[in-house]
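Have a look at it first, and then we'll go through some of its parts.

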10 protein chains.
Amino acid sequence: MLFLVRMDVNLTVDMAVEEAAAIKAVEKAYSQDLQQKGKWPHICRVGGEYSNYSVFEAECNDEMHQMLSGLPLFPYMDISVTPRAKHPSDIN
Amino acid sequence: MLFLVRMDVNLTVDMAVEEAAAIKAVEKAYSQDLQQKGKWPHICRVGGEYSNYSVFEAECNDEMHQMLSGLPLFPYMDISVTPRAKHPSDIN
Amino acid sequence: MLFLVRMDVNLTVDMAVEEAAAIKAVEKAYSQDLQQKGKWPHICRVGGEYSNYSVFEAECNDEMHQMLSGLPLFPYMDISVTPRAKHPSDIN
Amino acid sequence: MLFLVRMDVNLTVDMAVEEAAAIKAVEKAYSQDLQQKGKWPHICRVGGEYSNYSVFEAECNDEMHQMLSGLPLFPYMDISVTPRAKHPSDIN
Amino acid sequence: MLFLVRMDVNLTVDMAVEEAAAIKAVEKAYSQDLQQKGKWPHICRVGGEYSNYSVFEAECNDEMHQMLSGLPLFPYMDISVTPRAKHPSDIN
Amino acid sequence: MLFLVRMDVNLTVDMAVEEAAAIKAVEKAYSQDLQQKGKWPHICRVGGEYSNYSVFEAECNDEMHQMLSGLPLFPYMDISVTPRAKHPSDIN
Amino acid sequence: MLFLVRMDVNLTVDMAVEEAAAIKAVEKAYSQDLQQKGKWPHICRVGGEYSNYSVFEAECNDEMHQMLSGLPLFPYMDISVTPRAKHPSDIN
Amino acid sequence: MLFLVRMDVNLTVDMAVEEAAAIKAVEKAYSQDLQQKGKWPHICRVGGEYSNYSVFEAECNDEMHQMLSGLPLFPYMDISVTPRAKHPSDIN
Amino acid sequence: MLFLVRMDVNLTVDMAVEEAAAIKAVEKAYSQDLQQKGKWPHICRVGGEYSNYSVFEAECNDEMHQMLSGLPLFPYMDISVTPRAKHPSDIN
Amino acid sequence: MLFLVRMDVNLTVDMAVEEAAAIKAVEKAYSQDLQQKGKWPHICRVGGEYSNYSVFEAECNDEMHQMLSGLPLFPYMDISVTPRAKHPSDIN
């Protein structure tokens, strides 16, 4: 079951450079681990913004929430989730 | 180059049933033709709404606009386009 | 898996009285059928508005979308869906 | 009498870890006490967000406000209240 | 128990003059009947708009909804309800 | 001449407890003084929020602004003012 | 006492040309009569829009509402009213 | 003096095809005439929408408003105007 | 050429009292200087808010921007500018 | 390929004067370098605001995002990007 997720990152500008670098490194590892497991099949930047659109694969809403609320940057992000359903024109 | 597109369909409720069926059939053919050509690689329903999120592949903004403004349902839709860029955490 | 759904009904005021009564009767039967099957466990009015908040039980996003897009009043409603997850303070 | 309540938590990211843990523990106890008394019959997470939808049972608006404004996290939350009324299609 | 209610009237401009006069007369009688019974203690115009703010007295949310949904102009109005609670600085 | 006023209080959560208590005490005295003079005939809480709806009686816009801008909590509030006019259905 | 008023005109595009011309002529006469009486001291177009900002002089909110609700175009306009007060830096 | 203008076209979908073609042809001629005179130096489509961003050159606000309100599609458009000023980093 | 300008002041509540008094005094002198030169012909308070509506007279957009961006409180304000044009019903 | 970009700058008012001057100088150099290379063909101030509208020329969305996310003021700005397409009335 797939969810489209938009994340807008609001890192405070006065965070120390090392601290920001550290949290971003943990975030990247967390993300790539889920990508490799097939749970986070797509991620892209929103052009010109510190935001992304992602697709998550989850068995249920609880698993989806667990993955998102476990994001190291979760406390710094606005997240909105759209449950995806099959489109009748989809050829796949 | 990829674009994320959201389309919200506002078919007037007093359109004749046959007219609506006809325009939807043309829309479906138009969509599946672009899907088969690889120009419209993803389409999904927004759960609970008469809307979709789609991904379009275009050489440039003009080609993207041409595909969208050519949609048979274009006069009945609100469309918003997000230019996608590569995300630094993307493993692909 | 549960979804919280808000529906705002926009029946056009110039719809014939009998037509409105007919579509509402079909809507009610559709709703009560799903309630009896346990797929629509809660429904309530928003005080002062022609709207409701409902809870749907579905195996997946596709089943949820199928139930909502099958509503007789679907063409006349604005619908927004919130995927529910378990809250850590929930005692149930 | 039932109220649907949405709470969005905005804990400041620079709050000390122990302070945050302490206030969340008090919040949880407060919530579970009201749940056990039957005054807070439902609580769920909004998937992907630090928010919840809850249902409160109160004799009157004053009791409802007292329960909500007494929440330990009240100063950190945006709260919106929807008075629920019986829906004519409800089978219960 | 008191509710603050805002009503914005959207009478279609192409409604026949007599029809509009008739529905407004019924609305006025309905309103004044509830005022005389003490259930609608305050009503005022929003300066410059075809809108009002009103205060309703009801035993519960269901009674409040019944009064509002029974308004002859209900199908032509946007209504929003605010449950009122006692303010600690109120001297009454 | 009456004005309906909504006030949303945004006290910063890191204000010292004594400071907050002090400013609230001054606010309460200021409010009750105007209530006793008949200039602030109504005040109520918005259920579930740190907000109020109030009615002010003033000779003119300047007097109204003077009363509101003199509120001890004025720098911490979002305020919106609605000029009230007589409603043709009002029985008073 | 002065009020700043914004009016956005929404004449339906399918109104007959003569009907539109007639209602605009009555509106103009109504406006110029109030201007000559000093009750409508300023009126200007919003550049690029079918809207105006105006200043009205009224003894009280009721007089202000009477002038605005009496506008021939009132049923076709969105109107918002801002009560003006004296600014401490004003040299007049 | 330059103005940035956004125009969103809302042609009603039930307008006859010939009528729509006729008004668009007049609009195009009007636009190209102003372009050739140097008063409308830039026009572009918003990708995926029936909208444009344009730059107008005018001696004053009145001339700008005259050009925009004279557009054949003016009654069918939402227009917003941004007065442009010189940017200190501009190398031209 | 005239511009209608709305300014919303957001002075941080923890600014030292003397600092706030100093910046407001400079602002007042700056404003009254422009008023005496006829460049800032109107200024009024928005009733109940720390905001003003003003009218500026400028030869061009650049002069308008220069006056506004030179305001001592400019970094603390949200400003929106409406280019004014002559209204056809204006008797002046 | 062209993009219209709006940038709203939110420099924190308590940033030290030298720090602000330094970051603005780097920003200016960065901008003028891209202007001279023809990648940033237009930039203008929004009258009365600390904002600009700019046009960027990029081969693809990735290049556009790289230029924008490389802005020294990027962490202090809200940015929105509009992909531009050719308008059928454009005479160029």
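Predicted model: local features only at pLDDT ≥ 70, side-chain atom pairs only at ≥ 80, totals over all residues.

As background, the size of an interface is often given as the accessible area lost when the parts come together.

Who takes part in this contact? Chain G brings seven residues and chain H brings nine residues. The chain G side that touches chain H splits into three nonpolar, two polar and two charged residues. As for specific links, the count of salt bridges between chain G and chain H is zero. Polar contact does turn up, with one residue pair between chain G and chain H, both at pLDDT 80 or more.

## How the copies are related

Now for some symmetry. Turn chain G by 72°, with a shift of 0.0 Å along the axis, and it can be laid on chain H with an RMSD of 0.0 Å. That's the relation of a five-fold axis.

Chains A and B tell their own story. Here a rotation of 180° superposes chain A on chain B, again with 0.0 Å of shift along the axis and an RMSD of 0.0 Å. The two copies are thus related as by a two-fold rotation axis. Both copies use the same surface, too: 100% of the contact residues of chain A recur in chain B.

## Inside one chain

What is chain A built from? You'll find two helices and four strands in it. Reading from the N terminus, the elements of chain A come in the order β-α-β-β-α-β. Along the principal axes, the C-alpha atoms of chain A fill a box of roughly 50 × 25 × 20 Å.

## Aromatic pairs

Over all chains, a search of the whole structure turns up 15 aromatic pairs. Take C:Trp40 and C:Phe56: their ring centres are 4.4 Å apart and their planes sit at 35°, so this pair is tilted.

Where do these two residues lie? C:Trp40 is in the loop between helix 1 (17–36) and strand 2 (42–46) of chain C, while C:Phe56 is in strand 3 (residues 51–57) of chain C, so the pair ties together parts that are 16 residues apart in sequence.

Key
Residues numbered from 1 in each chain as written. Chains lettered and ligands numbered in written order. Heavy atoms only, no water. Least-squares fit on C-alpha atoms with pLDDT ≥ 70 in both. Contact = heavy atoms within 4.5 Å. Salt bridge = Lys/Arg side-chain N within 4 Å of Asp/Glu carboxyl O. Polar contact = N/O pair within 3.5 Å; in protein donor to acceptor, adjacent residues only side chain to side chain. Nonpolar A, V, L, I, M, F, W, Y, C, P; charged D, E, K, R; others polar. Phe/Tyr/Trp six-rings, centres within 6.5 Å; stacked < 30°, edge-to-face > 60°.
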